[in-house]
Amino acid sequence: MRLVGLVLSAVLCLAAAPQAPPPQFKTGIEVRRLDVVVLDQNGRPVHGLTAADFTVLEDGRPQKISTLDEIIVPQAAPPPAAWMRDVAPDVGTNDIPTDGRLIVIVLDDAMTSDPRETDTAREIAGEIVDNLGPADLASIVFTLENHKSQDFTADRSRLQAAIDRMRPGPLPGSAASQLASRYSMQTIKKAAEYLRAIEGRRKSIIYVSVGVPIDWNDISSPIANLGAEGVTVNAKENMRSLGSDLHDTLGESQLSNVAVYAVSPRGLTVGMEPLENEFLRALSANTGGFAIVNTNTPEAQVPSIFTATSAYYLIGYEVQKPDDGRFRRLEIKVDRPGAVVHARRGYVAPRPDRRAAADEPEREISPLATAMAGFLPKGDVPMRAVALPFAIAGKQEARVAIVARVQQPAVPKRTTQQVELLTAAFDPDGKAGSRHRQTARVTMLPSGTSQAEYEVLSMIDLKPGRYNLRISAHNPALERSGSVFHDVDVPDFRKNGLWLSAAALMVTPGLMAAPRNALDGFLPSPPTTLREFAGDDEVTGFLQIVQGGKSQPRKVDLQIRIVDGNDTVVHQAADTIESALFSTGRIVEYPFSVPIAHLVEGSYLLSIEATDGERSARRDVRFTRK
């Protein structure tokens, strides 16, 4: 067993674009940014503070505050219908709110061997997902079996599916358990390292773990004490090694401005508190977070993390000392009686050689790869994308139709431009798999609007599995690029069972699409990313019904329903697909219509469900009648 890199490491496979150095004044004074949580005695955020209310001390010396912004994170309001919360849009976008939180949920399966504690850990993680705000993004990371992870998403169903994949780790005393503690800390370090590139957002790691049994005395003991009575040399060396790992983890978290909130699933302990709890408290406090330990209901205290991070202050202060690679102690004070400050206690200044490396010649990277390689999608060109898997008769691979909507400034006269589209698929281990490059010639006409939109069509063949698709577009004429990241599950259509392909929607009149023949012979007409329709739009749909395996095909009953924002059924239709229709390729193509004209303005859920008496399959698509 080994520590598997984060799913987020897929970006490294694309030779990520170099990060710009922190902003500097003309005098050469660097600006350091801190996010600081200020709570009252009841644990509620304190609002309305100004720069005059803060004092920032670095190594005991006051620093000049140059900027201060109060960030209030949007809170989730209960929707009138459960589907509006639980069903994610099938169209991805790079229009990501900047006022939300980025949360990495680290499930420490390496250190959690007790099945009861594993169950509690899943409950804690589920509560975290339930508390996410509308602008928040979260990811799931495992410390041992990280191929089960989930990259950043707002899709609660995908996050919960990843949580459900957690299983107990190696038993204490086994060969694998001896490395588990290092796996645990190295994962936190890696998560903080990947978050470093993002500025201006509250970045948190919620570490669901029983903790690492670090003995602080052994960490600091001199070499001469190794082998003292009652402690073996190997045990001492292991503790010192863990201490080194902890130092590196704290340093990376502090440098990356990432707060760690530790939540233990172990429950209430009787007598002397275990070393693991001390570790969780120290890890959290030194990074600006807090720990939830020694309680039988840790999931009930998860909302306190979201309350604490629902508002924070982003402080910029001028750093006078040059970078020297040393630890700098921070202390942030607030001139407000009873206020409690949560902020990192220090950071390790970058080494001078890191700055020198930034001056070295950079390797040329294509605009498409650069747009795709970011930690979050690049929004220089507004984009939306949908990925639609369909079965291919006689083949294990599925054909995934890619539709990318691109927005750019309108043109004053008829103009033909060339647009390049690159789609790359990454598996749960972050390994790059299939990729497809498409070039489209787009002819745009002048209009009365400031923006023009068009759709680029492409396809990629993928084996069954979970993928994170990174789709980037580049327009050489404008020298601008953008990207959108999109998760897709590709079914094993040949496996015994009843399957539905993706549900593609088509609309007339629609957006200009190119190349028009990209999906010929595959779909009856080009699908669209549009999910907002006017009353006079003609909207149709298309999907496949597939019976995998070699058993005799069965009759399939099909139900199509549309429910509104109050969860009221406003349209319902039924159909029966006779078994004989599956005799060729075991695939039935099924077109259908969406009665837009009969709907009032509002949000809707289109649900298509197939059953054969024993098995069932379902597809959901959200849309809006404007």
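Because the model is predicted, local features were taken only at pLDDT of at least 70 and side-chain atom pairs only at pLDDT 80 or more, while totals for chains, interfaces and linings use all residues. Residues are numbered from 1 along each chain as its sequence is written, and side-chain values use heavy atoms, with hydrogens and water left out.

The protein has 10 helices and 32 strands. These are DSSP runs numbered from the N terminus (helices, H or I, at least four residues; strands, E, at least two). Of the 626 residues, 51% count as buried. Buried means under 20% relative accessible area, exposed over 50%, and partly exposed in between (1.4 Å probe, protein chains only). Contacts are heavy atoms within 4.5 Å. Among contacts between residues at least 6 apart in sequence, 76% join residues at least 24 apart.

The largest nonpolar core has 33 residues. Such a core is a set of buried Ala, Val, Leu, Ile, Met, Phe, Trp, Tyr and Cys residues joined through side-chain atoms within 4.5 Å. Leu462, Leu469 and Ile471 have the most contacts inside it. At least two core residues come from each of strands S16 (383-391), S17 (398-409), S18 (415-426), S19 (432-444), S20 (451-462), S21 (465-475) and S22 (480-490). Beyond four places in sequence, Leu469 touches Ala387, Ile402, Ala424, Ala425, Leu462, Val484, Phe485, His486 and Val488. Another core, of 32 residues, lies apart from the largest one; its members include Ile103, Ala125, Ala162 and Ala259.

Helix H2 covers residues 115-130. Its expected span is 1.5 Å times one less than its number of residues. Asp114 caps the N-terminal end, with a side-chain oxygen 2.8 Å from the backbone nitrogen of Arg116. The buried residues of H2 are Glu117, Thr118, Thr120, Ala121, Ile124, Ala125, Gly126, Ile128 and Val129. Their cover includes strand S6 (102-107), helix H3 (156-164), strand S9 (203-208), strand S10 (259-263) and helix H8 (302-308).

Ser458 is in strand S20. It counts as buried because its relative accessibility is 1%. Leaving aside neighbours within four places, Ser458 contacts Val400, Ala401, Ile402, Leu421, His436, Gln438 and Leu519. Gln438 is found in strand S19. At 16% relative accessibility, Gln438 also counts as buried. A polar atom of its side chain lies 3.1 Å from the backbone oxygen of Leu457. Contacts of Gln438 beyond four places include Val419, Glu420, Pro515 and Ala518.

Thr576 is in strand S29 (residues 569-577). With a relative accessible area of 36%, Thr576 is partly exposed. Its side chain makes a polar contact with that of Asp557 at 3.3 Å. A polar contact is a pair of N or O atoms within 3.5 Å; within protein, one must be able to donate a hydrogen and the other to accept it, and residues adjacent in sequence count only if both atoms are side-chain atoms. Thr576 also touches Lys555 and Val556.

Four cavities of 30 Å³ or more were counted. A cavity is a set of points on a 1 Å grid over the protein atoms alone where a 1.4 Å probe fits but cannot get out; lining residues have an atom within 4 Å of a point. Points are joined across faces, edges and corners, and volume is the space filled by probe spheres set on them. The largest cavity holds about 110 Å³. Of its 14 lining residues, Gln150, Arg466, Tyr467, Asn468 and Asp487 are the closest to its centre. Strands S8 (150-153), S21 and S22 each give two or more residues to this lining.

Conventions:
On a 1 Å grid over the protein atoms alone, a cavity is a set of points where a 1.4 Å probe fits but cannot get out, and a pocket is an open set with protein on both sides within 12 Å along at least five of seven lines; lining residues have an atom within 4 Å of a point.
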